[in-house]
Amino acid sequence: MKPSFCTLAALLVCAAPLAAQEPVVSGPEATRGVSLTVYNGNFGVVREQRSIPLRAGRNLVRYEGVAQHIDPTSLAIRSLTAPGAVGVREQNYQFDLVSPAALLERSVGKTVRYTAVGPDGARRVVLEGTLLSAPSSGGVVVRTADGRIVLNPEGTIEVGDLTGGLVSRPSLLWTLDVAQPGEHDTQVSYITGGITWKADYVAVVREDETRVDLTGWVTLDNRSGATYRDARLQLMAGDVRRVQDVVALEEMVVTARAAAPPPPPPAPAFAQEAFFEYHLYTLDGATTVANNETKQMSLLSAADVGVSRRLVFDVAAPWWMHRPRRPGDGTSTVGDKLGIVLEVRNSRENRMGMPLPRGRVRVYKGDRTGNLQFVGEDRVDHTPRDETVRLYVGDAFDVVGERRVMDERAISNREREQTVQVTIRNHKDTVAQVAVVEHPQGAWEMVRSSQRYEKKDATTVEFPLSVPRGGEAVVTYTYRWRW
């Protein structure tokens, strides 16, 4: 029997013959509602509601249009029409999608033919034979009926009818046991990878550097392989634990760009609430999250927020000042630049008070002509209400510091004493307010100090200094430690 052919352009028409029982097909167009919760860890929870006609007994259903990066083991299906009346007996995730390459792979060993348009405009068969190799193997190889081997023939290739297995979009094939027949309003929930969100903030410092205008943006990146139309969108902020079998979820890497800040956003579109030990941000209204799309939305806007700017000299910089030490000119001398630190109290009294998701903060300030200039950036972790946000945005140019160990001696076998001198030189035309931070070691006690100090914790002491313009300030202290 002569095989029937169809072109790859008509590949959907060349679908597999129906199984003994034709499945009920439920496509994305039947979706009545979508709810999407996106997490920081490159995954999200999808909830879809569709109406599916089911008969009593065993049913075969093809649920089309799920995310390509679905975790099939996370799926939950329930009937809202008759809770408990629908049970899943078997589930198959079908992701072998129709494509020219897939069709050619399945045609190896079968008859194909090539056609071309002649000078008169008519299409003619130029070659027919058995496909021996597909492009994935290095090229197309066809053996004709007379035994000739043709490599990569020209023309439009047509293939015969193929066996089933290929689908036009990622699908779930269910075998359902149904106790109550009829139209079932069904809710399907699952976890998918390939979708994540992050927060970005823009801070514009006022001229007197005591106030700042802060805006926050949500950037949503969807690479999950599905589009969520008119979805109710929620964002979960927090460190939600997921157990990984082999490979950890990849964290999206974003390249920092010191671009001009976006225009002031409209009123924030998200309402936040505490949820479990995390924070949930819910979008007002619905939005479409298209596949392979990056979407930005306004998260918050706070104007006239109080801010303080400090210069910090700390040769053993804490976690929020990630910068390398700069060695001085001797073994007991350390020279280092001073870090520029902005501090903002996240409180309602300071015109803020919204839990801040983890993200990057870009800081700008206007120059004398009014142009905004980029002055630095830092990352903030998830920050609850009434906590202080500290931003290390760069190093001071005109204020420098030097730390010297002036003396060190042994008091006993388990006790030593050390004298440290820190000099801050100010080359600016204004007074510089500097915090000198020291980290005494061991079980220590302060023997004497030339300046007042504040003990922050067991290993941190802070000396506040006011350094005159064009001058310097020196702090000398001696401490004793035991072990």
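Figure 1. The cut-offs are under 20% for buried, over 50% for exposed and partly exposed in between (1.4 Å probe, protein chains only). The model is predicted: local features need pLDDT of at least 70, side-chain atom pairs count only at pLDDT 80 or more, and totals for chains, interfaces and linings use all residues. Residues are numbered from 1 along each chain as its sequence is written, and side-chain values use heavy atoms, with hydrogens and water left out. D200 is buried too, with a relative accessible area of 8%. What joins the side chains of R362 and D200? R362 belongs to strand 25 (residues 359-366) and D200 to strand 15, so the pair ties together parts 162 residues apart in sequence. Here a salt bridge is a side-chain nitrogen of Lys or Arg within 4 Å of a carboxyl oxygen of Asp or Glu. Side chains of opposite charge can pair when their charged atoms come close.

**Figure 2. R358 and D381 pair between two loops.** The closest N and O atoms of this salt bridge are 3.2 Å apart. R358 sits in the loop between strand 24 (333-345) and strand 25, and D381 in the loop between strand 26 (372-380) and strand 27 (388-412), so the bridge ties together parts 23 residues apart in sequence. Are these residues buried or partly exposed? R358 is partly exposed, at 33% relative accessible area. D381 is also partly exposed, at 43%.

**Figure 3. R482 and E445 belong to a network of salt bridges.** The closest N and O atoms of R482 and E445 are 2.7 Å apart. The pair links distant parts of the chain, 37 residues apart: R482 lies in strand 33 (residues 472-482) and E445 in strand 30 (residues 443-449). R482 is partly exposed, with a relative accessible area of 36%. E445 is partly exposed as well, at 34%. Through shared partners, salt bridges join R409, E415, E417, E445, R480 and R482 into one network. The count for the structure comes to 32 salt bridges.

**Figure 4. Y228 sits in the largest nonpolar core.** That core has 82 residues, and those with the most contacts inside it are Y228 and I424. Which strand gives the largest share of this core? Strand 15 (residues 195-205) does, with six residues. Another core, of 11 residues, lies apart from it and includes V112, L127, V140 and V142. A nonpolar core is a set of buried Ala, Val, Leu, Ile, Met, Phe, Trp, Tyr and Cys residues joined through side-chain atoms within 4.5 Å. In soluble globular proteins, nonpolar side chains tend to be buried together.

**Figure 5. The largest cavity has a nonpolar lining.** How many cavities of 30 Å³ or more does a search of the whole structure find? It finds one. The largest cavity holds about 130 Å³ of space. Its lining has 14 residues, of which L214, V344, V361, V389 and L391 lie nearest the centre. Strand 15, strand 16 (211-222), strand 24 and strand 27 each give two or more residues to this lining. The lining divides into 14 nonpolar, no polar and no charged residues. A cavity is a set of points on a 1 Å grid over the protein atoms alone, where a 1.4 Å probe fits but cannot get out; lining residues have an atom within 4 Å of a point. Volume is the space filled by probe spheres set on the points, which are joined across faces, edges and corners. Ala, Val, Leu, Ile, Met, Phe, Trp, Tyr, Cys and Pro count as nonpolar, Asp, Glu, Lys and Arg as charged, and the others, Gly among them, as polar.

**Figure 6. N152 has a positive phi.** The value is near 45°, in a residue other than glycine. N152 is found in the loop between strand 11 (149-151) and strand 12 (156-160). At 48% relative accessibility, N152 is partly exposed.

**Figure 7. N292 has a positive phi.** Phi of N292 is near 55°. The residue lies in the loop between strand 20 (287-289) and strand 21 (293-306). N292 is exposed, with a relative accessible area of 55%.

**Figure 8. The protein has one helix and 33 strands.** Helices (H or I, at least four residues) and strands (E, at least two) are DSSP runs, numbered from the N terminus. Of the 483 residues, 44% count as buried. Among contacts between residues at least 6 apart in sequence, 72% join residues at least 24 apart. Contact means heavy atoms within 4.5 Å.

Technical notes. On a 1 Å grid over the protein atoms alone, a cavity is a set of points where a 1.4 Å probe fits but cannot get out, and a pocket is an open set with protein on both sides within 12 Å along at least five of seven lines; lining residues have an atom within 4 Å of a point.
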